[in-house]
Amino acid sequence: MMVRQWVTGNSVAVTGSCLGLLSLPFGWLTLKASRLTAGTSLRLWDAFSWGVAAAIIVLWLLCLALSLAERDKRHAITIGITANAILILTFIFAGPAANRLTATGAEFARVSLSAGVWVTVAAVYMLVFAARQSLPDYRVWQNLISWTGLAAVVILLFTGWLNNISVVQEFLGRESRFQQELVKHIFLFGGSVIAGTIIGIPLGIWAARNRRAERPIFYFANITQTIPSLALFGLLIAPLSALSFAFPVLREFGIRGVGAAPALIALIIYSLLPIVRNTFVGLRQLDPAVIDAGLGMGMSRPQVFRRLEVPLAAPLVLEGVRTASVQAVGLTAVAALIGAGGLGWFVFQGLGQAAPDLIILGAIPIIVLALFVDAVMRTIVRVSTPKGLATGTS
Amino acid sequence: MIKLEQVTKKYGATVAVNGLSLEVNEGEVCVLIGPSGCGKTTTLRMINRLIEPTSGRILVNGKDTSQVKPEQLRRSIGYAIQSVGLFPHLTVATNIATVPELLHWDKTRIARRVEELLTLVGLSPAEYAGKYPSQLSGGEAQRIGVARALAADPPILLMDEPFGAVDPLTRERLQAQFVAIQQELKKTVILVTHDLDEAIRLADRIAIMAAGKLVQYDTPETTLSRPASKFVHDFVGSDRALKRLSRISVESFIKSAPTVTINASIKQAEAAIGSRRSAWVVDDKGQLLGWIDRTDLSQVSSISEGMVTLESKDIALWQNATLREALSRMLGQGFKSIPVVDEDTKLIGEVTLGDVEAATAEAEE
């Protein structure tokens, strides 16, 4: 009977709630004498207060109970709201806690977020995900649950509430650099996806139309996808530097062995496969009767393409662009290794200096950017799906 | 109207259509039939140039089709296929408007035409115009497909198993509707099917094909009574007499039937039945309710007490049903007469077993 209950409850939410409870014994904040020294770890109740600790425990238990019992929309919404509340609570109390600890500590004392907080964040977003899945027909609630917590943390960041947290201090020390790398990151992934789309869609159409082109195109796209990103970045250094030495004029356009040029090329190649594949499938999966009827009623080939193939394949093609975009946001991080810049720069700087806060300063914005791009592309896919094709029209 | 002269289509070494000559007169329904792979669909698709013949000529209205731009040719020829091929991203109305839009009709004319066509195929414009294909049943989709083919009022209609993908009951209804529409519109129709009953029911002339060649081209009656070869003989089968019945509409065999209204007195009922065994019972609007036996009349005080209720949709025939359906109802129900109703299930008469026998004998000669 108990097992049945577990199955009928929301298993993702149950796992998330358990993970949330597991975060409690970890250290939540770490107090370090300076940026690079090892520090002392503070438990939830030491870092905040017993009252806050109790509140968080109660909220997690509430989530667990609701996840086990989840039956309707109201349960899912409550789980989502509670998860956001835990996240907001954690960060609201983390700010003053950091202020207090740095004030009492040494001159260069740093307070960083530790495992407990990160596990909490992971657990919160598992619950958010689970709640979203349970509310497929309530888009407003879905968006509220997904974005409220994140928006609150961003507001806290901007108001300076978290300024004594070490990650924020790393940021404050490099604010202009951060903006610069963020812009570079967006430029690199955005540019490569746009170029990948411009190249990939015609390739996909060609593959769908021509059986002889199909094999080599997919051979190329598949093979490149299996090359580790670092290797591909590295592979491009030699030919590009040779090229720029042979034709020095190219260097004026920024084409060198290292930097943005090889990064862009590699990123474009990676974005090809999802776009080419989805364009190909989008065209091939069309009901041949639809094309036959279009031609049979007197549409010209271009009319069939414009009036039938484009609107019917568009959702799948854009879905491919979405996959490529999200993938490119992550891969662009690696591009920092060959001097292309981007948010990955902080990650690799942090790795080099053994400064975890610097790694986080790079990693978190990359994750947020990926989620944001994903949400935007999903909206574009939804809007571009013709009404007759959307599920649930009948 | 349509003339094929020595048309051949080869795919490499295989010959799909082999020196086919065929002439279809204006306003006629020509049904192409034959075993699968006999080249009937290829023939159909060569007429609107979806397939180009290897050799031979195809004339439409005396004009060689190879001299006309394919798109232009196709816009003047209606085209309906088995899988319908409705455009899933467009509404029913936009689907029907396809060819008028290609011909740049103005909006109000298109809207009027769409409404006209939906009414013609028996679907309410208000209800269906805004629907998407995914919201239609198989039968509705087929009807929209036919409406779409008729949209620009083309004189010629090519249909490739247009009633193939629906259940038998729906198919019968669609066929009856097709006959009614064709009587009104008098299009020149070439229809491909593998269903002999459908061919017999719909065709003015049946073109039987085998291995890319035309083996007989005759009226259904002649095809059934004088098969040109052993192949045709075997193809039409041994139940030719029965098949012939699907050519004959019950309409001309409807006799007035003894009828009593449900609230008539027993006396009136006895007068209506006379010496016959039973009478049909209708309500005051004339809709069929059931039947009553003469022998029961003396034992009951009212008609409703002695009446045997029947579900008219199970037993009664439509007025444009065929004698074959009438016979199968009689055998199925064990009745010697079957009531015939109009669209509003109002009783209009009956068909008797004797009439079916007479018709069979007449056709047999």
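This is a predicted model: local features need pLDDT of at least 70, side-chain atom pairs count only at pLDDT 80 or more; totals for chains, interfaces and linings use all residues.
Two strands count as paired if DSSP finds at least two bridges between them.

**Entry 1: strand pairing.** I looked up β1 (residues 2-11) and β4 (residues 55-60) of chain B and found that five bridges join them. The two strands run antiparallel. For one position in this pair, I noted that B:L4 stands opposite B:I58 in β4(B).

**Entry 2: the sheet.** I then traced the sheet in chain B to which these strands belong: four strands form an open sheet with antiparallel pairing, in the order β2-β1-β4-β5. I asked which strands stand at the edges. They are β2 (14-24) and β5 (63-64) of chain B; each has a single partner strand, so one side of each is left without a neighbour in the sheet.

**Entry 3: domains.** I consulted the domain assignment of chain B, which gives domain 1 as 2-245 and domain 2 as 250-364. I recorded 37 Å between the C-alpha centres of domain 1 and domain 2 of chain B.

**Entry 4: the contact between domains.** I found eight residues of domain 1 of chain B in contact with 10 residues of domain 2 of chain B. On the domain 1 side, the elements giving two or more residues are α8 (168-185) and α12 (240-245) of chain B. I noted that α12(B) gives the most to this side, with four residues.

Methods. Residues are numbered from 1 along each chain as its sequence is written. Chains are lettered from A and ligands numbered from 1 in the order in which they are written. Domain bounds come from an automatic or database domain assignment. Two residues are in contact if their C-beta atoms, placed from the backbone, lie within 7 Å.
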